[in-house]
Amino acid sequence: MTKGSGAAAAPLPYAVIGAGPSGLAATRALTRRGIAVSGYELNADVGGLWDIDGPRSTMYESAHLISSKTTTQFSEMPMGDDVADYPSHRELKKYFHAYADRFGLREHYRFETEVTRVEPHPDGGWVVWSRSLRASTGGEGEAWTGGDGEASTGGASGSEIGGDGERTERVAGVIIANGTLSEPNIPLLKGDFDGEIFHTSAYKSATVFAGKRVLIIGAGNSGCDIAVDAVHHAESVDMSVRRGYYFVPKYLFGKPADTLNQGKPLPPRIKQAIDSRVLKLFTGDPVKLGFPKPGYKIYESHPIVNSLILHHLGHGDLSIRPDVDHVDGSTVFFRGGGSGSGDGQSRDVTSRDYDTIVLATGYTLHYPFIDPALLQWNGWSPQLYLNIFSPQRDDLFVMGMVEASGLGWQGRYEQAELIASYLEAKTERPADAAAFTAKTRGPLPDLTGGYHYLGLERMSYYVNKDAYRTAVRAAIEELS
C-alpha cells in the first residue's frame, strides 16, 4: 500500500458501498461532521434501485412509492408541493439527484465501480478491492473524478491500481449500503415448464404479457402491482398464494393512509383491533374474493398497499389459486385445487395451462464481498445491534438492513446519524464510545414494539417503526 505524503497524512476515509437512499444518507451524515468518505457505486449515478436503467435496478415502468412522500422523504429536504403523494420512480430519481446536488455528495463517489472484496487490514482499518465497469484503458486503470472534476488516486487513503485494472484502497471502516432488494429469491419449481419464467426483478413493462396466460406466484407489493398491470394486456391472470394478506388502500378519508395516526403509538392490540375494522370498511373482506384468511393479525407481516388488486378481483379480471405443487409442460398443478369457494380453496380446479410464470417471491440479503462471519449471520439475516453494528468489529456497519411500515428514508438517515455520532465519539469522547461498543456486543434489544412478526425471510430484519426510531434516537443522544 502506498501512503500519503506530507508531514501529516489525512485520516483514512470510510468506505460507503452504495449510492441509493441509504448510501446517500450515510455519506451526508458523515461528511456534514467532517468525516471523510470514499464511496463506491455500481451505477453511473446516484439513486440506487430507483434508477430503472441501473445495472441491478429492480424497478418497473409503473412503479410508485407505496408509502407517501410525507412519511418517506428526508426531513432536511422535503419533496415539493408539485410532487404527487405517491411519486413514480422517475420523480424519485430526480429527488435523489437533487439531494446529491444540494449536499455535494457525488464528489465522494466512484461510479460504475463494483466492490469485489473487503477485508480487515492487519494494521487496522480495511482494504477495499474494486474494479471499474467502464471500458478498459489498459494497464494503468482509471483515475476517478469527483464532483469538482479533479482526478484523484486516493491520496491518504492509500489507493493502488493493479495491472488488471483492479483498485485497492485502505480505509478506516466500511459502511455497507447496497440495499435489500437487488438479489432475487428464486424458488425451485418441481417439474419442467415449457413457457417463460422470470422473477419480478426482471420485469419492466406489461407489454410482455400481451395475449398471454399469466400466473404470478406470490402476492407481495410488487406481485400485486404487476398483476394490476397484467390484466390490461394478458389473456388471463392468476395469482398463486400460500397465505392470506391484509390490504391497505393508499387513501383513507381523502388523505394518504400512512399520514393518519402519527401521534403517540397505540398499544399493538388496540391498534390491530381498530385498524383491521377500518380496513374492512374500506376494502371489504379479501376472503370473499378468493384469498385465504390470514392466519395472523394485521401488522404481524408487511401489509400490501394496493386496493386495485381487490378491484380487479371483484371485476373478474384475475383469480386466486393455491400454492403450486408441480409443473409439467405448460400445465401448472396446484395443491388442493383452485379458487372461487370463498375460502380460497375451491376443489373444482386442480390445474391450468399458462404461457408465462412470474415469480413474485421476494429478495434475499446479498453481501457477497465480505466474510459472512464478520456480519454474524443467523439464518436469513445478520444479527446486528440495532440492525447496524457488527459485534465482530467496531469499524463495520450496515445501512438500510431494516424493514418497517412507515420508517421511510428519514429513518435510514437516523441510522446514518447514529454511525456518524459513534465515529465522532470514538475520537472526541472515547469513554462514551467504548461504553456503546460494549452494548453492541451484548444482547440485542427488542425492536418489535410488542408485535409478533411471522417467521418469514423478509421479517427476519423487520422492526416496529416507533420502537426502532426511539432506540436509535436514544443511542444518538447517548453518544452526543
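Guide: We can start with one term: a charge sits over a ring if NZ of Lys or CZ of Arg is within 6 Å of the ring centre and within 35 degrees of the ring normal. In this model, the charged end of Arg117 sits over the ring of Trp129, 3.7 Å from the ring centre. Note that the model is predicted: local features need pLDDT of at least 70 and side-chain atom pairs pLDDT 80 or more, while totals for chains, interfaces and linings use all residues. Numbering runs from 1 along each chain as its sequence is written, and side-chain values use heavy atoms, without hydrogens and water.

Visitor: Which ring does Arg28 lie over?

Guide: Arg28 lies over the face of Phe103, at 3.8 Å from the ring centre.

Visitor: Back up a bit. How many helices and strands are there in the protein?

Guide: There are 9 helices and 26 strands. Both are DSSP runs numbered from the N terminus: helices are H or I with at least four residues, strands are E with at least two.

Visitor: And how much of the protein is buried?

Guide: Of the 480 residues, 52% are buried. Buried means under 20% relative accessible area, exposed means over 50%, and partly exposed is in between, using a 1.4 Å probe and protein chains only.

Visitor: Helices next. How do the axes of H1 and H3 cross?

Guide: Helix H1 (residues 21-31) and helix H3 (residues 89-103) have axes that come within 11 Å and cross at roughly 10°. That makes H1 roughly parallel to H3. Axes are lines fitted to C-alpha atoms, for helices over the stretch in contact, with angles from 0 to 180 degrees between N-to-C directions. Under 35 degrees counts as roughly parallel, over 145 as roughly antiparallel, 65 to 115 as roughly perpendicular, and the rest as oblique.

Visitor: Which residues meet there?

Guide: From H1, Pro21, Leu24 and Arg28 meet Phe96, Tyr99 and Phe103 of H3. Contact means heavy atoms within 4.5 Å. The residues of this H1 and H3 contact divide into 5 nonpolar, no polar and 1 charged. For the classes, Ala, Val, Leu, Ile, Met, Phe, Trp, Tyr, Cys and Pro are nonpolar, Asp, Glu, Lys and Arg are charged, and the others, Gly among them, are polar.

Visitor: What about H8 and H9, parallel or antiparallel?

Guide: The axes of H8 (residues 430-440) and H9 (residues 465-479) come within 9 Å and cross at roughly 150°, and H8 and H9 are therefore roughly antiparallel to each other. Asp432, Ala433, Phe436 and Lys439 of H8 make the contact with Ala475, Glu478 and Leu479 of H9. By class, that contact of H8 with H9 has 4 nonpolar, no polar and 3 charged residues.

Visitor: New topic. How many aromatic pairs are there?

Guide: A search of the whole structure finds 29 aromatic pairs. Rings of Phe, Tyr and Trp (its six-membered ring) pair if their centres lie within 6.5 Å; planes under 30 degrees apart are stacked, over 60 edge-to-face, the rest tilted. Phe74 and Trp409 form a tilted pair, 6.3 Å centre to centre with 35° between the planes. Phe74 is in the loop between helix H2 (69-72) and H3, and Trp409 is in helix H7 (residues 408-428), so the two are 335 residues apart.

Visitor: Are those two buried or exposed?

Guide: Phe74 is buried at 1% relative accessible area, and Trp409 is buried at 8%.

Visitor: Which cluster includes Phe74?

Guide: Ring pairs link Phe74 with Trp50, Tyr95, Phe96, Tyr99, Phe103 and Trp409 into a cluster.

Visitor: Now Ser236. Where is Ser236, and what does Ser236 touch?

Guide: Ser236 is in strand S15 (residues 236-240), and it is buried, with a relative accessible area of 12%. Not counting residues up to four places away in sequence, Ser236 touches Lys212, Arg213, Val214 and Arg352. The C-alpha atoms of Ser236 and Leu318, 82 residues apart along the chain, are separated by 6.7 Å.

Visitor: Last one. What is the phi of Asn387?

Guide: Asn387 has a positive phi of about 60°, although it is not a glycine. Most residues other than glycine have a negative phi. Asn387 is in the loop between strand S25 (381-382) and strand S26 (396-398), and it counts as buried at 10% relative accessibility. Tyr299 also has a positive phi, near 75°, and is in the loop between helix H5 (268-283) and helix H6 (308-314).
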